[in-house]
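Please work through each task before reading its solution.

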Amino acid sequence: MPGPWRWWRRGRLATMSAEPGTPAWGWLPEGDLLTRGERIEWVGACASAEAALRSLGAAVHEAELHDLHGAVVTPGLIDAHTHLVYGGHRAREFELRLEGASYEEIARAGGGIRSTVAATRAATDEALFEAALARARTLLAGGVTAVEVKSGYGLSLEHEARCLRVARRLGDALPITVRTTSLAAHALPPEFDGQADDYIDAVCTWLPQWHAEGLIDAVDGFCERIAFTPAQIERVFDVARRLGLPVKLHAEQLSDSGGAALAARFRALSADHLEYLSDDGIAAMAAAGTVAMLLPGAYYYLRETKLPPVDALRAAGVPIAIATDHNPGSSPTLSLPLMLNMACTLFRLTPEEALAGATRHAARALGLEASHGQLRAGWRADFALWDVDHPNELAYRFGDPRCLGVVAGGQAIDTTAA
């Protein structure tokens, strides 16, 4: 059964459509939506909604009426790069950085990712789930209806699988779309000290097992001087390709290691961070259709000074996405709207580019570009309602929550109880 008809009336719609001839933001200042079950059936001007409903074969009395009271309506936001499942926190490392220690120095001294690995391994499955659920609820209350959740804090066959199962449970517990990504090639666990190639061999044997269990939608890696080399990541990506899994990559965050070009060679969904991205990397990404995933929260939190090459990405036509990169060590934020502001103030994106980066382009970075990220007939009925006059206010305001509510899969969600 396709589900009930619902008529969402009197909104101001930012459809975020990129169709030729569409106005900026896909703006419909007096717009309605017709949904049936989990799908949008029609989007258009208020004056045409009743006729559209009839043309779709439904009588007016069949549709549940929902008055939007002039709220700005956007597609549900998509947080396409998070690390929601982990134990503990790293507040002390924040202090150490303020005292002068670098991210790399902390990592090489046994802190950083390894400290979170220890806390994650020590936590029970239920503790990991409850903590991740609280984080996901916060994202949902901020307008997020789809999220990618990476592993990477277990770093063993057993503990990575535990984290991936917790991530899958989030999609069952909340009315959000959850995509899970294996990031086992995140860091070297202590039991593999000095044996990076052996650890990569292990990861390559684990991936088929997790795939067979239905735990992973994509494969990621950290290609950096404090993590793994391009050659090591390539071995992981070769396994992913044989399994039919898409890839993405943490690339060019601290140095230019050629990771973006490697990701593009495997037609990666996205290459992420990219502060040190080269012209060659940009050209490779453009040719492959790989999304540039910018993470202003980590840039801000780590007090970086090397800006990602936004102008060059624009000129090359590389789609730019924005995400929270929520993690305990370098971006412990749970506000995607705040990232819109940071993307504008730090990276000089326009407000429209920033919102496209958290909707349409974020969907592409998750392989969901045919179903999510736009208010469009046939797409999933995920949208967020905002107490603003225009969508440009979503990037203009920061630290000022304006999300009035969320519709996920065609149903209004009580985000206080979700």
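**Burial and ring pairs**

Phe347 is buried, with a relative accessible area of 5%; buried means under 20% relative accessible area, exposed over 50%, and partly exposed in between, with a 1.4 Å probe and protein chains only. The model is predicted: local features need pLDDT of at least 70, side-chain atom pairs count only at pLDDT 80 or more, and totals for chains, interfaces and linings use all residues. Residues are numbered from 1 along each chain as its sequence is written, and side-chain values use heavy atoms, with hydrogens and water left out.

**Exercise 1.** Classify the ring pair of Tyr299 and Phe347.

*Solution.* Step 1: rings of Phe, Tyr and Trp (its six-membered ring) pair if their centres lie within 6.5 Å; planes under 30 degrees apart count as stacked, over 60 as edge-to-face and the rest as tilted.
Step 1: the centres of Tyr299 and Phe347 are 5.2 Å apart and the planes form an angle of 75°, giving an edge-to-face pair.
Step 2: Tyr299 lies in helix α11 (residues 296-301) and Phe347 in helix α13 (residues 336-347), so the pair links distant parts of the chain, 48 residues apart; helices here are DSSP runs of H or I with at least four residues, numbered from the N terminus.
Step 3: Tyr299 is also buried, at 8% relative accessible area.

**Exercise 2.** Determine the geometry of Tyr199 and Trp206.

*Solution.* Step 1: the count of aromatic pairs comes to nine.
Step 1: the ring centres of Tyr199 and Trp206 are 5.7 Å apart with planes at 75°, so this pair is edge-to-face.
Step 2: Tyr199 is buried at 0% relative accessibility, and Trp206 is buried at 9%.
Step 3: ring pairs join Phe192, Tyr199, Trp206, Trp210 and Phe228 into a cluster.

Terms used
Helix = DSSP H or I, 4+ residues; strand = E, 2+ residues; numbered from the N terminus.
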